[in-house]
Amino acid sequence: MQITKRRLAPSSKYETPYYIIRGSGSGRTVVVTAGVHGNEVASIAAAKKLLRLIRQHDVYIRSGKLILVPIVNQIAYKRHIRGKPDLNRTFPRHSRESARHPLSASLFRLAKRNRPDWYIDLHEANGFSKRNPRVLGQTLIANPRSKAVPAMKRVTAKLNGRITNRSRHFTIKLRSLPGSGRNAAYGILKSKAITVETSWEMPRSTRVGYQVDIVRRLLREAKLTSD
Ligand SMILES: [Zn+2]
């Protein structure tokens with residue numbers, strides 16, 4: 001396993017590190033991003049924790065390649081805000097369109113160069129979707145007809161089996177969100193693109209735990225890990 005640190009949007013005010021973790025064998029490519037929204041702190045903490053676990057070999061990438069961007073929008077993160085404009089509406093909406101923000105442009109170029117099989121974007125949201133289907137807290141989201149759905153079903157079934165409080169169970173939502181990273185990865189790069197949303201209404205450590213657990217399960221689905 002080899003870890004390389006690089007920079008997104010280098011030499012600009014948006015500069016932010018990302019990591020390429022290569023397994024020794026050939027395999028799939030997975031992109032994991034957090035901090036597209038700067039105030040969704042548990043997803044950022046989860047991405048940082050994942051990097052620590054990889055460095056300690058507690059998560060061991062055997063084959064393929066993981067590209068991890070722990071804090072996409074550093075400026076929004078430092079200000080504790082979602083970000084203005086909303087970065088997740090600035091990704092290209094079709095293959096001939098460019099991104100409308102330097103950060104989404106840089107991130108999408110990175111993804112496009114690597115043609116990821118999977119694109120996992122970590123977020124947080126309000127409420128508990130099991131109790132109220134209109135909210136996004138505790139959901140895994142993909143586009144309708146996404147090839148990611150069977151894996152999402154397996155992951156949520158196993159995850160929910162370990163969550164005793166049923167209102168915290170994760171549900172799957174299928175929807176399109178033009179301008180989002182997920183939409184661009186699904187529509188333009190043909191990736192299995194998934195948005196992960198934990199609920200803000202739980203303690204931070206619980207949210208971080210769910211996010212790390214979900215990413216670990218998805219890395220297994222992508223066959224990057226076997227633990
Ligand atoms: Zn978000």
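## Two parallel strands in a sheet

Strand 5 (residues 118-125) and strand 8 (residues 192-199) run parallel and are joined by eight bridges. One residue to look for in this predicted model is Ile120, whose bridge partner in strand 8 is Ile194.

These two strands belong to an open sheet of eight strands with mixed pairing, ordered 1-2-4-3-5-8-6-7. At the edges sit strand 1 (2-8) and strand 7 (171-174), each of which pairs on one side only. On average, neighbouring strands of the sheet are turned by 20° against each other, direction ignored. As a reminder, strands of a sheet pair through backbone hydrogen bonds, either parallel or antiparallel.

## Helix 3 across the sheet

Helix 3 (residues 102-114) lies across strand 1, strand 2 (16-22), strand 3 (25-34), strand 4 (63-69) and strand 5. Relative to strand 4, helix 3 runs at about 180°. The end C-alpha atoms of helix 3 are 19 Å apart, which agrees with the 18 Å that its 13 residues should span at 1.5 Å a residue.

Which residues of helix 3 are buried? They are Leu103, Ser104, Ala105, Ser106, Leu107, Phe108, Leu110, Ala111 and Asn114. Their cover includes strands 1, 2, 3, 4 and 5, together with helix 5 (181-187). Following helix 3 comes Arg115, with a positive phi near 45°.

## Helix 6 across the sheet

Helix 6 (residues 204-221) has 18 residues, and its first and last C-alpha atoms are 26 Å apart, close to the 26 Å expected at 1.5 Å a residue. This helix lies across strand 3, strand 4, strand 5, strand 6 (139-142) and strand 8. Its direction is at about 165° to strand 5.

The buried residues of helix 6 include Val208, Val212, Ile214, Val215, Leu218 and Leu219. Arg207, Arg217 and Glu221 are also among the buried residues of this helix. Just after helix 6, Lys223 takes a positive phi of about 65°.

For comparison, the ideal angle for four tetrahedral donors at a metal is 109.5 degrees. His37 counts as buried because its relative accessibility is 3%, and Glu40 counts as buried at 1%.

Notes: Residues numbered from 1 in each chain as written. Predicted model: local features only at pLDDT ≥ 70, side-chain atom pairs only at ≥ 80, totals over all residues. Heavy atoms only, no water. Helix = DSSP H or I, 4+ residues; strand = E, 2+ residues; numbered from the N terminus. Expected span 1.5 Å × (residues − 1). Buried < 20%, exposed > 50% of the residue type's maximum accessible area, 1.4 Å probe, protein only. Pairing = 2+ DSSP bridges. Axes fitted to C-alpha atoms, helices over the stretch in contact; angles between N-to-C directions. Contact = heavy atoms within 4.5 Å.
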